[in-house]
Amino acid sequence: MLRPIYALWDRFSIVGRLLLTTGLGLLIAGALLLQVAAWRDATTAREELVRQLADDLTMLPSLLAEPLIVGDYATMRQILGSYAHRRGIASIHYRSKAGKTLDARNPYVAPTAPTLFAVWLDVDDLKGETQLEVGERRYGTLEVRLTAQPAINQSWEGAKFHLLIIGLSIGLDFLGIFLVLRTGLSPLRALDAGAAKVADGDLEARVEISGGRELRRTIAAFNAMADALKRDAEQARLAEERLQEQSSTLRTILDYAPMGIWLLNPDKSLAFVNKACCDAAGVSETDFLAAPGSALAFDKETADRYRAANEATLLSDGPHIVKEKLQFANGKTHDLEIIRVRLLDKDGAPNGRLIGLAIDVTARRAAEARIRLLAGVFEHAREGITLTDLQKRIVDVNPSFCKITGYSRDEIVGRTPKMLQSGQHDAAFYASMWESIRTSGHWQGEVWNRRKNGTIYPEWLSITTLSGGESGSGEDDHYLGVFTDITDLKAHQDRLEHLAHFDALTHLPNRVLLADRLQMALSQARRNGQTLAVCYLDLDEFKPVNDRYGHQFGDRLLIEVSNRLVQSLRGGDTVARLGGDEFVLLLNDVESVAECDLALTRLLRNIAEPLIIDGHSVNVSASLGLTLFPEDDADADTLLRHADQSLYLAKEAGRNRYHMFDVSHDHGLRARRESLASFTNALISGELRLYYQPKVDMREGQVVGAEALIRWQHPERGLLSPAQFLSAIENTPTDLAVGEWVIQEALRQMQEWRAVGLDIPVSVNISPYHLSKKDFVSRLAELLAAYPDTPHHRLEIEVLETTTLEDIGHVTSLMEECQSFGVDFALDDFGTGYSSLTYLKRLPANTLKIDQTFIRDMLKDKDDLAIVEGITGLTQAFHRTVIAEGVETVEHGIMLLQMGCDQAQGYGIARPMPAADFPSWASQWQPDPVWVLAAGVQCAAADVPLLMGEMDHRRWVEELKRHLADTTVALPSHVVGGHCPFDEWLNGSGASRHGGTEAYQRIAPLHLQLHTIGTQVINFRDAGCHREASARIPELEAANEAMADAIHTLLISISMT
Amino acid sequence: MPPLLSLKRFLRTAALVGCGVWLSIAGGNSLAATTLSFGVVPHRSALLTARYWNPILAYVEKKTGIVLHLEVSRSVSANATAVENGEYDLAQSLLIFRPKAQRQSYRVLVRPRGAEIRSQLVVLESSPVKSLTELRGREVGFTGRSGMIAYAVPMDNLMRQEISVTPVFAGNQEGALGQLRVGETLAAAVSSQVKEAYTEREGVQFRVLWESKPFHDLPIAAHPRVPESITRQIQNAFAGMTDEPEGIKALNIAANAIGQKPPYGFVKSTTADYARHADFLRNTLVKDTE
């Protein structure tokens, strides 16, 4: 019965048998483990259900007791519903004693395990009940049912996991067996392959040591055997290579030896010839060895001589040497020195062989001839020649050297050329020279040396490094110096130099050298921060002297003046003659203008000293112009030009003096020219604008006109005011063009405003220069004609008061002519021109504009106040209109109103504005309420503070309120403990003028009360009592109103009186 | 809803009375089937209340054959409302003497045996508070606005001394003591009986700042709709508990449940015994009772 099984077993491989037995073992073990685990799960589940039922029947009554007693069934239902969701609970049922029931069920738990598994597990559902009693009173019965389904599901999940583990174990077992067997057999296969490779001659073949212990030993022995085989083969190869290398080396030596070499056998045949022999014969080595006779092409005599020489060599102990001339294959005849030596055997006996060496001495003999020639050159050259070694020790010199320097050859050989140095050159000169020689191998230049007799002479020296001499290495080993005595040449050169740079008459530097000196002086001054004076000097009245005494006399005079100039200056300064009687002086490092003044005054005085030439005494003086660098930071030519300009001014000023160039004046002129050009360009480019400043009647509250003011909308600097550009165009044609543009633009603007309903006079400012033009009136008429819709009387021309005073006759007639066609005039800046009443009476200007300087200061300066009052009185007397310029504050307006000046303009009313903004501003403008008040009362100037008092305190209260609301707003200046300006009036002129009135007596206590409350408010604020501080504000406002009322009463009273 | 409630109650009472009359006519001893509601003031949790009363009521039921169904309200105020509306056939409460409830004319049957109770204002023994004036403006715990001993009496005293406090309501007296214990209030108003039971059970000591004149403890009273024959049986059963072993056993069980100290049991009483209560409730300054 077991036979088929055995038969099947025999058919299995080792691997198969192992897999089958281990697989069965693991399967049986896994099944047993699964059975045990499932049995344990079932037991645990049953115990868990019993325990849970006991817990539920204990816990639920406790949870239900409270609502049960109270009869709160809703709560009971909630508790049961929540409890029923616990794991394992199938349902809960409550039945009261009275039969009332409550039910709660758990959602159905779906079975995940197969039915068969559930049956096999044998875990059943469970139920139990308990009585609900409190205080021995039974309320009802509670039944709890538990389901085993969750436990069965959980057990099924565990069983599945077990099965997975068993499957995985069997798989891993199979894999392990397979890998172990596979790795165990692989070393044997590798050993077999290694042996086959060695057999095929691959001595590098080795086998990796692995597998069991026996296998590892066997593989190690195999590898050791292969290593031994490889070592033997390597040694044999190296011995052969060494032999070949030695043979090759010897052959190379023989081939490239600079001589012919051959070896003769005992039978006189050639055993060897080297490459030199073959090259000389012009045949290959093979041909040479095969037929030496034809290769050498010896004639019979030569061949016999050679044979004899060979025989003689074989018989002699030493070398056999002969000299021969032979023609080589290249056709040239070479001088040869042939050495033959017989060869000996190992016992020292001649073996019949000889070796021959043929040395070519052709080149050596040619060189010896050349050296003899060069020695002749060395001996007879006119230039001095010095040959030194690398340590600069003189090796040889030629006879010319000895002739030039005065030293004999014996005196100089072994020394260095240093002994010739004159001391004229510094160490840097020689360092540079030797550096050049080191880097380029050559140097040449002029050197000043000293002869033996001590005289110094110039020589033109050329030094070259020599190489390939003694050392034969090709490296530098000598220096060759060749020089020529250039004493005569230098003298000639100096003469030419002097003629090129110096004036032939005075020997002073000429214009060429001056330019050079000036450049150097400028560089030095710039580098050292020094001042350089450039002076241009010219003799006064030289020409009459020349004419009177002749040119020779004039030349003598110039030489004498030159001497005086040189003597008057310091050694480092320069005096140059430009020609004629013109000189230029360069004074370096001028400490101060005073020092310069002293030097130049002395110089002029020296020149002016009488001169006696040929018995004639003459007096000449000089004028001088100078400029100082770097104050005048210009180039050389410009400095000379500036000095020349100053010379002209010195001459103009009366001669025999000097004049210094004014740098700032020059800059100013230049800047003005540039500014004028720029502004003219702006006019053409349309960059000019007119801004309009309103003129108002403060009493009537009306806008009564506008003043056109020019602005320049500069593309880079922004909007520029007239002060920044008008001065540049004064008294220039541009001045006229701008004036006409202003008139035309103002007329155009008036026309535009009239079109939108704004009909007001516009005044324009006209410059004195423009006004002085004869065609001013006709040009004005033409401009007006271009705008026929604009009434002429709407244009007003403002003229400076000072302008009218310069030529009152012309201005008066011009005004009258213009007035004849409607244009009126205003005198601008009135009060600054010292007009007399007579002038004022004559001038037909209708309006006077009080200068803003008086208006601005009139509240502080009594004199200014008096002037304003006076001008206002004058205008009333002469029936002219008056307008105040520079009204900046409300107080200015009040004061003017009290003085009868109702019209005003200024920043306090409006700043100049673009034309487009004007109509809107004019329609909205309202006079300050205080002006309305001031216009309604008439009081003396001394009572103006009363008017201001009300306004001041209203503002004061508002500021205080703002400060309370926002502490970043500044506290009113005199709020606490400060001095109120109103007190001055109250205690001063107010008390003396109105102290007896009832209204005045009301004001003082109210004023005190107002400030007392204000102080309290701030004290509250400082103490952090903001609510209390704010609470006092109504009281403060009431006090202020009461004081305002009292001020009004007093003002009315003053007006009536 | 009060009219409707009253109607329902009337019908229920009428049915009860009718049933009683019919049973009397039938001559049978069938009163054992009669069920009466027994409302108690929830001074404690419902569970403790049930553990106390159920053994006593079971004894009475066994003795008389009348089923007494324990009615425990969620709060004192709910109990007060039920008393005012006459919802309980039998009530254990002082609130029956309030003017609002007097129209129901509950009649006192028995009262607890032992000393009278006092209203007390207490603080924790460790508290630094030594006098009532120190409670001015502070939190004081009360059971609710409907408790007489635990609210009306102490609050009346505070008002008469012009000591204004911030009342914090805890639902029942032990709740007020619990709040005092955890520091949510500075003092608590309780009855001396509840406080002593609490100290006995929880071991917490209190300092009494003030206490009232003695009052009889809560009476058990019957609504007029309950026939007198029945009320008499019930009165006898309660009063005779201490005379019978089963009664004493029931009282012991009840006392153990809440830690009550002897003497246990009840004595017969009448409405006249509670004249002081009625007088107080008529004249008190506390007008916000519920």
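**Chain architecture and local packing in the predicted complex**

In chain A, residues 24 or more positions apart account for 60% of the contacts (heavy atoms within 4.5 Å) with a separation of 6 or more. The structure is a predicted model, in which local features need pLDDT of at least 70 and side-chain atom pairs count only at pLDDT 80 or more, whereas totals for chains, interfaces and linings use all residues. Residues are numbered from 1 along each chain as its sequence is written, chains are lettered from A and ligands numbered from 1 in the order in which they are written, and side-chain values use heavy atoms, with hydrogens and water left out.

The predictor assigns the complex an ipTM of 0.70 and a pTM of 0.38. For chain B, the mean pLDDT (the predictor's confidence in each residue, from 0 to 100) is 84, and 88% of the residues reach 70 or more. Within chain B, confidence is lowest in helix α1 (residues 2-26), with a mean of 41, and highest in strand β10 (residues 220-222), at 95; over residues 1-32 of chain B the pLDDT is below 50, and this stretch has 22 contacts in the model beyond near neighbours in sequence.

The secondary structure of chain A comprises 39 helices and 31 strands, these being DSSP runs numbered from the N terminus (helices H or I, at least four residues; strands E, at least two). Of the 1057 residues of chain A, 40% count as buried, that is, under 20% relative accessible area, with exposed meaning over 50% and partly exposed in between (1.4 Å probe, protein chains only).

Helix α31 (residues 890-899) of chain A packs against helix α34 (residues 944-965) of chain A at an angle of about 155°, with the axes 10 Å apart. α31(A) and α34(A) are therefore roughly antiparallel to each other, a term applied to angles over 145 degrees. Their contact involves, among others, A:I894 and A:M895 of α31(A) and A:L947, A:M948 and A:M951 of α34(A).

Elsewhere in chain A, A:N106 occupies the loop between β2 (101-105) and α4 (115-121) and is buried, with a relative accessible area of 16%. Leaving aside residues up to four places away in sequence, A:N106 touches A:A84, A:H85, A:R86, A:I89 and A:A90; the C-alpha atoms of A:N106 and A:R86, 20 residues apart along the chain, are separated by 7.7 Å.

In chain B, the buried residues of helix α3 (residues 76-84) are B:V76, B:N79, B:A80, B:A82, B:V83 and B:E84, and their cover includes β1 (35-40) of chain B. Just after α3(B), B:G86 adopts a positive phi of about 70°.

How values were computed. Axes fitted to C-alpha atoms, helices over the stretch in contact; angles between N-to-C directions. Parallel < 35°, antiparallel > 145°, perpendicular 65-115°, else oblique.
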